[in-house]
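Welcome! Take a moment to look it over before reading on.

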Amino acid sequence: MKPPTLFSEDWKSFLEMSYDGIVIANHEGRIVYMNPAAERLEEVKKEEILGRMAKELEEEGIYRVSVTVKVFQSGKKETCMDIKGGRQLLLTGIPVFEGDAIKWVYVNERDITELMKMREDEKHMREQVKHYKEELDRITASEKQGLVIAKSPKMKQNMELLKRLAPTETSILIEGESGVGKDVFARWIHDNSMRAELSYVKIDCGAISENLLESELFGYEEGAFTGARKQGKKGLVEEANGGTLFLDEIGELPLNLQTKMLRLVQEKVFLPVGSTTEKMVDIRIIAATNKNLKEMVLKGKFRQDLYYRLNVIPIKLPPLRERKEDVFEFVQYFLKVYNRKHGYRKRLSPEAVHILCDYEWPGNVRELSNIMERLVVVTPSPVIGEDDVLLAIPDYQAIKLQRADMIEKGMTHQSAMEAFEETYFRYIMEKGLTLKKTADLIGLSESTLKRKLKKYGLRPRD
Ligand SMILES: Nc1ncnc2c1ncn2[C@@H]1O[C@H](COP(=O)(O)OP(=O)(O)OP(=O)(O)O)[C@@H](O)[C@H]1O
């Protein structure tokens, strides 16, 4: 039987040229036309297909899925995917109606392998971009905010408070022993404030001689004193205009400058040395101290009004020995930092970690950081062990022995305290500092320190 004529030769030649596969089934679901592209895509010869029912072809597995069958089942346009010879095909079957009955089903077959690959590539690229973006965000966030290790409950509490305080304009006083991270937190506050993009100026009040401090801070006018620059000089307060001024070791600020500082904190005005005209600045002040300012106030060494102005909300950074949870974090962190810095891949043995976490760290984070750098650089083997750590912290062994000894001997609290005190002062004096510097370092008055040294037969350097 001669198959019915579907279309003119002209139309047929158009379909034969199509890059998409085209298959047509008649009202029974019998395949009546297939173009060369469909043969290529389906990997069949049209002689095997033409005149056969779509359903049969599906049943015989020649078609894994027949979109024609789906169209007959639903009576509407259908789409499905198939895979042939590793190529992904998108099959679209469209019914052509005569009255209510389907007269033809027109099937379009599109090779979407490239498209899917492109989509896959795009998805992969998008994921990669997302990953890099997250990584960048993480790095910039940690750089911007400064890496602040705060695992212990005490430090977590501090961080919560600081998160709330940072964006405000409140002056902040950070108290804590030397090396606890006051500098780090001052910078963190600035980086997380509205002034983050503006200047951050730090001045160490203890490092500049008393007579220079005033001009360093407030600047001076032309010819203010002998040796002054001709055109005068801007002080650090003015340098910080718009941003944050960090006054480190504020306890070292001489009383006469405390008065000027109070005016600056309260009214944001100051008088440059040798000038008669006050200047106004827009600054936020953060101060830090390792001294007991309250005690200094009681002794008349620090202005009470300035203390209260600065200490609106006190931030006390505890020493490392009171936040053991952070020590482990710091150990991991510094190991990574110094391995990277010196190009090593050293590891720590569990025993080494135990000692590092058990030690009291009198010099706080600074001491821990120094020891970790020394361990990474000096240890010859790839694993830093117990002996390496004991060598780096000789005090650890001594303290341990002493502790054990005290308990063995059933020492009284009084004698244990004295034994500890003696070791403590011996250790401090080994630093070879002057009496004044030592007293400042450990927060004692010179006279008390002298008395203690005498008691234990120790001598200061001077
Ligand atoms: N939370 C922290 N995260 C990362 N590094 C820290 C942290 N705290 C302290 N450090 C590091 O420890 C060292 C000492 O910190 P910092 O200088 O801030 O202490 P400080 O309390 O200001 O000391 P000082 O009173 O002697 O000025 C620095 O190298 C600092 O980078």
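## A buried aspartate to begin with

Let us start with a single residue. Asp-440 has 21 other C-beta atoms within 10 Å, so it counts as buried. Asp-440 belongs to helix H20, which covers residues 435-442. Although Asp-440 and Lys-291 are 149 residues apart along the chain, their C-alpha atoms are separated by 7.9 Å.

Across the chain, the average pLDDT is 86, and 90% of the residues reach at least 70.

Strand S8 has the highest confidence, at 96, while helix H18 (residues 394-408) has the lowest, with a mean of 68. Where pLDDT is low, the predicted coordinates should not be read in detail.

Now turn to strand S11, made up of residues 284-289. How many of its six residues are buried? The count is six of six, so to speak a mostly covered strand. Arg-284, Ile-286 and Ala-288 point one way from S11, and Ile-285, Ala-287 and Thr-289 point the other way.

S11 pairs with two strands described here. With strand S6 (residues 172-175), S11 runs parallel, and four bridges join them. Within this pairing, Ile-174 has Ala-288 as its bridge partner, and Leu-173 stands opposite Ala-287. With strand S8 (residues 244-248), S11 also pairs in the parallel sense, again over four bridges. Ile-286 and Asp-248 are 38 residues apart in sequence, yet their C-alpha atoms are 8.3 Å apart in space.

## Strand S6 on both sides

Ile-174 stands opposite Ile-315 in S12.

## The nonpolar core

Which residues have the most contacts inside the largest nonpolar core? They are Ile-174, Ile-189, Val-237, Leu-245, Leu-247, Ile-286 and Ala-287, in a core of 57 residues. Helix H16 gives the largest share of this core, five residues. Domain 3 (153-318) and domain 4 (323-455) each contribute at least three residues to the core.

## Around the ligand

The ligand is surrounded by 16 residues, and the closest are Ser-178, Gly-181, Lys-182, Asp-183 and Val-365. By type, the shell divides into six nonpolar, six polar and four charged residues. Helix H8 (182-191) and helix H16 (364-378) each supply at least two residues of this shell.

Why does the ligand lie between two domains? Domain 3 (153-318) and domain 4 (323-455) both give residues to the shell around the ligand, so it lies between them.

Helix H16 also holds Ser-369. With 17 other C-beta atoms within 10 Å, Ser-369 is partly exposed. The C-alpha atoms of Ser-369 and Tyr-338 are separated by 9.1 Å, and these residues are 31 apart along the chain.

## Two loop residues with positive phi

Let us finish with two loops. Glu-43 sits in the loop between helix H2 (36-42) and helix H3 (46-49). Its phi is near 55 degrees, a positive value in a residue other than glycine. Is Glu-43 buried or exposed? Glu-43 is exposed, because 9 other C-beta atoms lie within 10 Å.

Trp-361 is found in the loop between helix H15 (350-358) and H16. Trp-361 has a phi near 50 degrees, which is again a positive value in a residue other than glycine. With 21 other C-beta atoms within 10 Å, Trp-361 is buried.

Note on methods
Residues numbered from 1 in each chain as written. Predicted model: local features only at pLDDT ≥ 70, side-chain atom pairs only at ≥ 80, totals over all residues. Near = placed C-beta within 6 Å. Nonpolar A, V, L, I, M, F, W, Y, C, P; charged D, E, K, R; others polar. Domains from an automatic or database assignment. Buried ≥ 20, exposed ≤ 12 C-beta atoms within 10 Å, placed from the backbone. Pairing = 2+ DSSP bridges. pLDDT = per-residue confidence, 0-100. Core = buried A, V, L, I, M, F, W, Y, C linked by C-beta atoms within 7 Å.
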